[in-house]
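Hello,

Here is the structure I promised to pass on. Please open it first, then read my notes below.

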Amino acid sequence: MANGGTKAAVTMHDVAAAAGVSVKTVSNVVNDYPHIRPATREKVQRAIDELGYKMNLSARNLRQGRTGIIGLALPELSLPYFAELADSVIRAAEARGLVVLIEQTGADRQHEFDVLTSERRQLTDGLIFSPLALGPDDAAALAVNYPLVVLGERIFGGDWDHVTMNNVDGSRAATQHLIDKGRRRIAVIGAHAGETMGSAALRVLGYQTALAANGIPFDPELVVEGGLWHRATGAECVAHLLDSGIEVDAIFGLNDALALGALHALHARRIDVPGQIAVVGFDDIEDASYSAPTLTSISPGREQIAATAIDVLIDRIAGNAEPYRRVIADFTLVERESTRS
């Protein structure tokens with residue numbers, strides 16, 4: 001025991017002595033050097049586990065010229081999806097010995113540019129970036145000299161890795177679910193006028209595709225525009241629909257916050273859900289399981305997106321030179337009370 005009864009930290013020398021190998025061999029094992037005999041690796045790992053050895057990540061990163069910190073730039077943490085995505089990324093990073101530095105852009109174009117060129121990039125080994133304001137014409141801004149993984153749908157292609165969700169097919173499945181429930185006057189709330197690339201445009205496309213596949217005429221009156229995808233926007237969209245006298249028997253919120261706002265507005269007007277109007281959302285945030293009624297939603301594979309983004313970024317940080325990757329996460333429809341008849 002050392003000063004005041006504090007137990008001395010276990011070192012590589014201790015592990016080497018216990019395993020009967022050299023310190024270099026222990027180092028090769030903890031750094032996952034590939035050319036080690038399985039029996040030797042097992043012997044060293046057993047000594048590590050028995051002694052409770054913890055690798056000094058700071059020292060390792062310093063030797064490799066790295067900080068052990070990655071950046072995560074998201075539009076708005078007040079939106080539940082991005083907050084939950086950040087949580088998933090942090091947990092995936094921690095499991096791989098990395099710390100995450102989170103930055104919020106506010107979906108502001110200049111802030112998104114600034115994130116890419118910030119001096120904070122000198123503190124991080126790479127960046128996971130989810131832009132909302134930048135678009136295809138800004139692709140040159142992503143030609144950075146550090147490892148970068150782009151999330152979302154704003155900018156496709158280019159010399160960077162891209163991890164995204166299946167917006168079109170997910171929205172088609174949400175709309176098809178409502179059609180299978182016998183709904184024909186399906187409103188979609190949260191559309192962005194003039195948008196050709198991005199979540200809103202792709203999700204409306206999925207909605208239209210499902211209508212066409214079922215021979216249901218597209219009615220532009222059922223597509224309600226909304227700015228920021230917050231609960232208040234969803235409530236305002238539903239108020240517009242109902243006050244306009246437009247016939248509606250289902251509502252597809254382009255995200256769960258919009259759908260939850262819709263549920264609130266319908267409840268305030270004593271409209272039965274799903275009896276009179278069924279409601280479905282997109283993102284499957286935690287609140288979807290606790291609303292009244294609980295909300296049917298598309299789960300876009302958030303955990304898969306987070307883990308994949310981390311793994312791809314780690315590969316780039318390690319100098320992996322394989323072709324840039326585009327990964328589309330799997331989605332599932334989670335049926336709950338808001339559409340269950």
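At what angle do helix H5 and helix H11 pack, and how far apart are their axes? The angle is about 45°, and the axes of H5 (residues 80-94) and H11 (residues 302-317) lie 9 Å apart. Axes are lines fitted to C-alpha atoms over the stretch in contact, with angles from 0 to 180 degrees between N-to-C directions. Helices are DSSP runs of H or I, at least four residues, numbered from the N terminus.

A word on the source. This is a predicted model, where local features need pLDDT of at least 70 and side-chain atom pairs need 80 or more, while totals for chains, interfaces and linings use all residues. Residues are numbered from 1 along each chain as its sequence is written, and side-chain values use heavy atoms, without hydrogens and water.

Now H11 again. Arg 316 is found in this helix. Arg 316 is buried, at 12% relative accessible area (buried means under 20%, with a 1.4 Å probe and protein chains only). Its side chain reaches the backbone oxygen of Pro 323 at 3.1 Å.

The other pair is H1 (residues 12-19) and H2 (residues 23-30). They pack at about 105°, with axes 8 Å apart. H1 and H2 are therefore roughly perpendicular (65 to 115 degrees). Met 12, His 13, Val 15 and Ala 16 of H1 meet Val 23, Val 26, Ser 27 and Val 30 of H2 (contact means heavy atoms within 4.5 Å).

Best wishes

Definitions and conventions:
Helix = DSSP H or I, 4+ residues; strand = E, 2+ residues; numbered from the N terminus. Buried < 20%, exposed > 50% of the residue type's maximum accessible area, 1.4 Å probe, protein only. Polar contact = N/O pair within 3.5 Å; in protein donor to acceptor, adjacent residues only side chain to side chain. Parallel < 35°, antiparallel > 145°, perpendicular 65-115°, else oblique.
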